[in-house]
Amino acid sequence: KDIDECATGTHNCRADQVCVNLRGSFSCQCPPGYQKRGDQCVDIDECTLPPYCHHRCVNTPGSYYCQCNAGFQLASNNHTCVDINECDANNPCAQQCYNILGSFICQCNPGFELSSDRINCEDTDECRTSSYICQYQCVNEPGKFSCVCPEGYQVVGGRTCQDINECETTNECREDEICWNYHGGFRCYPKNPCQEPYVLTSENRCVCPVSNAICRELPYSVVYKYMSIRSDRTVPSDIFQIQATTIYPNTINTFRIKSGNENGEFYLRQTSAVSAMLVLVKSLSGPREHIVDLEMLTVNSLNYRTSSVLRLTIIVGPYAF
């Protein structure tokens, strides 16, 4: 009967070896993952033998295991590495996450930009990027911006300012007044602007009756006109044309600025025998009001003189728009 030396302990195998009983004898073998070298068992470096690991192999005494690079994890076969979808796992991004092989990329919603950590999003201050983004004033908001306009204007197209015609919307003038809209506001003027001894003959036209002795030294008529211009208008600029309403034969008409041009902001250029153009020669800043009297002096061949005045009220808006 065979004696099992491995069971009886009568073998002489080393402690790091495995005793295998044979019929009539025994054999000393190395455990799995080791190989005999002389009488000793030395570890087999499985990392130098197939099957190889997909990414990294780590040898251990008697065995080995596979490791994956960052962004990957071991598949069920313990050899292959598969990509980890970080966006599905824990979505590390503050706003938008895009998975890529072995990693991920964060992106931000419109109006935001990635911070230095490449994960969080910071609001983009669009108002700082350009001073021309809004016509008047830019207001930064989380993820966006908005344009605002000063009083008397409304935002058009999201960025530009348009004058509000208060005469069509609110019109707070009295019944005996006319409403005149200008850039950025409105003003009320009397429907009858005539002052003694002048009398109203038609809308905005006052006439001094020849029957009144005082009228001989005064202009025959005064016509009231209103206009508005933007602040800081480019100069020189033609802004208003004055023209004779009645043309008499054998007469000569001359035009001049009678008053309201003490600082030399205007120049009157005669354009024909019966008309002249008021030219702005100095830039005006508003809000302010200029009253300019433009006079047309008429002389006939018998040296008869008469004059008429156009009293032009120029309202300069507070802004250049």
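**A buried glutamine and its surroundings**

Mentor: Gln-17 is buried, because its relative accessible area is 12%. Buried means under 20% relative accessible area, exposed over 50%, and partly exposed in between, with a 1.4 Å probe and protein chains only. This is a predicted model, in which local features need pLDDT of at least 70, side-chain atom pairs count only at pLDDT 80 or more, and totals for chains, interfaces and linings use all residues. Residues are numbered from 1 along each chain as its sequence is written, and side-chain values use heavy atoms, with hydrogens and water left out.

Start with the position. Gln-17 sits in the loop between α1 (5–8) and β1. Helices (H or I, at least four residues) and strands (E, at least two) are DSSP runs, numbered from the N terminus. Leaving aside residues up to four places away in sequence, Gln-17 touches Cys-28, Gln-29, Lys-36, Asp-39 and Cys-41. Contact here means heavy atoms within 4.5 Å.

Strand β1 covers residues 18–22 and strand β2 covers residues 25–29. The two run antiparallel and are joined by five bridges. Two strands pair if DSSP finds at least two bridges between them. Cys-19 has Cys-28 in β2 as its bridge partner. Cys-28 is also one of the residues that Gln-17 touches. Two residues lie between the strands of this hairpin, and Gly-24 takes a positive phi near 80°.

Next, the wider chain. The protein is divided into domain 1 (1–44), domain 2 (47–83), domain 3 (129–163) and domain 4 (194–316). These bounds come from an automatic or database domain assignment. The centres of domain 1 and domain 4, taken over C-alpha atoms, are separated by 129 Å.

Gly-102 lies in the loop between β9 (96–100) and β10 (103–107). Gly-102 counts as buried because its relative accessible area is 16%. Its contacts, not counting residues up to four places away in sequence, are Ala-70, Gly-71, Phe-72, Asp-83 and Glu-86. Asn-85 is 17 residues from Gly-102 in sequence and 8.2 Å from it in space, C-alpha to C-alpha.

Further along is another hairpin. Strand β15 (residues 153–156) pairs with β16 in the antiparallel sense, over four bridges. Val-156 has Thr-160 in β16 as its bridge partner. Three residues separate the strands, and Gly-157 takes a positive phi near 70°. Side chains alternate along strand β16 (residues 160–163).

Then come the sheets. Six strands form an open sheet with mixed pairing, in the order β19-β20-β21-β27-β26-β23. Its edge strands, β19 (199–202) and β23 (251–259), each pair on one side only. From one strand to the next the twist averages 30°. Axes are lines fitted to C-alpha atoms, for helices over the stretch in contact, and angles run from 0 to 180 degrees between N-to-C directions. Strand β20 (residues 205–207) runs antiparallel to β19, with three bridges between them. Ser-202 has Arg-205 in β20 as its bridge partner.

Val-299 is found in strand β26. Val-299 touches Asn-250, Thr-251, Ile-252, Tyr-304 and Arg-305, not counting residues up to four places away in sequence.

A three-strand open sheet has the order β22-β25-β24, with antiparallel pairing. The edge strands β22 (237–243) and β24 (266–272) each pair on one side only. Strand β25 (residues 275–280) and β24 are joined by six bridges. Tyr-267 stands opposite Val-279 in β25.

Last, the largest pocket. Its volume is about 630 Å³. A total of 25 residues line it, and Arg-205, Ser-221, Thr-245, Met-296 and Ser-308 lie nearest its centre. The elements that give two or more residues to this lining are β21 (221–229), β22, β26 (288–300) and β27 (305–316). Strand β27 supplies the largest share, five residues. On a 1 Å grid over the protein atoms alone, a pocket is an open set of points where a 1.4 Å probe fits, with protein on both sides within 12 Å along at least five of seven lines; lining residues have an atom within 4 Å of a point. Grid points are joined across faces, edges and corners, and a volume is the space filled by probe spheres set on the points.
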